[in-house]
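Okay, thanks for coming, everyone. Let me put the model up and then we'll walk through a few of its helices and loops.

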Amino acid sequence: MYQDWEELEAACMRCEKCGLCAGRRNVVFGVGNRRAKVMFVGEGPGEHEDLQGEPFVGRGGQLLDKMLAAVDLDRKSNVYIANIVKCRPPQNRDPLPGEQEACIGWLRNQFALVRPRVLVCLGRVAATRLMDPNIKITKQHGNFVEKSGVLMMATLHPAALLRNPGQKPAAFEDFLKLRETIDQLGCDVAKDQAE
């Protein structure tokens, strides 16, 4: 377990623990405030993320940014965003269980350093890996559970919302619940911006 962000990121950038490293252009480590009270986790980078080395920068990321802004959150100032796997799976397929297992230590280390109060799983893969292997995201999104002192919620993945725009209102309700929960916890995310 690395105690220093720079050492952690440098080690992650050299990672060759699974076959995904062979096809990557960039390791997509994470982005945001490293002391944020709110952390978002997706499944893995897509093509745009692989090219730019930052999570959620394609069309799905643009939608995520709009939803964050609607509840006074921002990737540059008061949230931290990462993925289960740090390298792009071929053709944007779901990361395989072995790939997730090879990479999960990096995310655990990021989580330990950020120490968020709230974790939001973006999509089924993140939710089944981090919350409950049997979660049914279309039915259970927006529900908070507590694990080891951290409130966790799953919501629909932004890419899924682009494929099925009719689900956007339900996902937006999840973000409103997130905002309400942040306020109830007394998390001063405005203070995160200043840090």
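So, ground rules: helices (H or I, at least four residues) and strands (E, at least two) are DSSP runs, numbered from the N terminus. What you're looking at is a predicted model, so local features need pLDDT of at least 70, side-chain atom pairs count only at pLDDT 80 or more, and totals for chains, interfaces and linings use all residues. Residues are numbered from 1 along each chain as its sequence is written, and side-chain values use heavy atoms, with hydrogens and water left out.

Let's start with aspartate 72, which sits in the loop between helix 3 and strand 3. Its phi is near 60°, a positive value in a residue other than glycine. Is aspartate 72 buried or exposed? With 55% relative accessibility, aspartate 72 counts as exposed. For the cut-offs, buried means under 20% relative accessible area, exposed over 50%, and partly exposed in between, with a 1.4 Å probe and protein chains only.

There's another one like that. Glutamine 91 isn't a glycine either, and its phi is positive, about 55°. You'll find glutamine 91 in the loop between strand 3 and helix 4, and its relative accessibility of 70% makes it count as exposed.

Now back up to helix 3, the one that aspartate 72 follows. Helix 3 covers residues 59-70, so to speak 12 residues, and spans 17 Å from first C-alpha to last, close to the 16 Å expected at 1.5 Å a residue. That expected span is 1.5 Å times one less than the number of residues. Which residues of helix 3 are buried? They are Gly60, Gly61, Leu63, Leu64, Met67 and Leu68. Those cover an arc of only 160° around the axis, which puts them on the same side of helix 3. The arc, by the way, is that of the directions from the helix axis to the C-beta atoms. Turned away from that buried side, helix 3 carries the exposed residues Arg59 and Lys66.

And what covers the buried residues of helix 3? The cover includes strand 2 (38-42), strand 3 (79-83), strand 4 (118-122), helix 7 (158-163) and helix 8 (168-185). Contact here means heavy atoms within 4.5 Å.

Let's follow that to helix 8. Helix 8 has 18 residues and reaches 26 Å from its first C-alpha to its last, close to the 26 Å expected. Its buried residues are Ala171, Asp174, Phe175, Leu178, Arg179, Thr181 and Ile182. Looking down the axis of helix 8, these fall within an arc of 165°, so they line one face of the helix. Over on the other side of helix 8, Pro169 and Gln184 are exposed. Just after helix 8 comes glycine 186, with a positive phi of about 75°.

Next, packing. Two packed helices are described by the angle between their axes and the distance between the axes. Axes are lines fitted to C-alpha atoms, for helices over the stretch in contact, and angles run from 0 to 180 degrees between N-to-C directions. The axes of helix 3 and helix 8 come within 9 Å and cross at roughly 45°. That makes helix 3 oblique to helix 8. On the naming, under 35 degrees is roughly parallel, over 145 roughly antiparallel, 65 to 115 roughly perpendicular, and the rest oblique.

The second pair is helix 1 (residues 5-13) and helix 4 (residues 97-114), which pack at about 165° with their axes 11 Å apart. Helix 1 and helix 4 are therefore roughly antiparallel to each other. Trp5, Leu8, Ala11 and Cys12 of helix 1 meet Trp106, Asn109, Gln110, Leu113 and Val114 of helix 4.

Last stop: valine 189, in helix 9 (residues 189-194). Valine 189 counts as buried, at 5% relative accessibility. What does valine 189 touch, not counting residues up to four places away in sequence? Its partners are Val38, Asp72, Leu73, Asn78, Arg179 and Ile182. Meanwhile, valine 189 and lysine 168 are 21 residues apart in sequence and 24 Å apart in space, C-alpha to C-alpha.

That's my tour, so over to you for comments.
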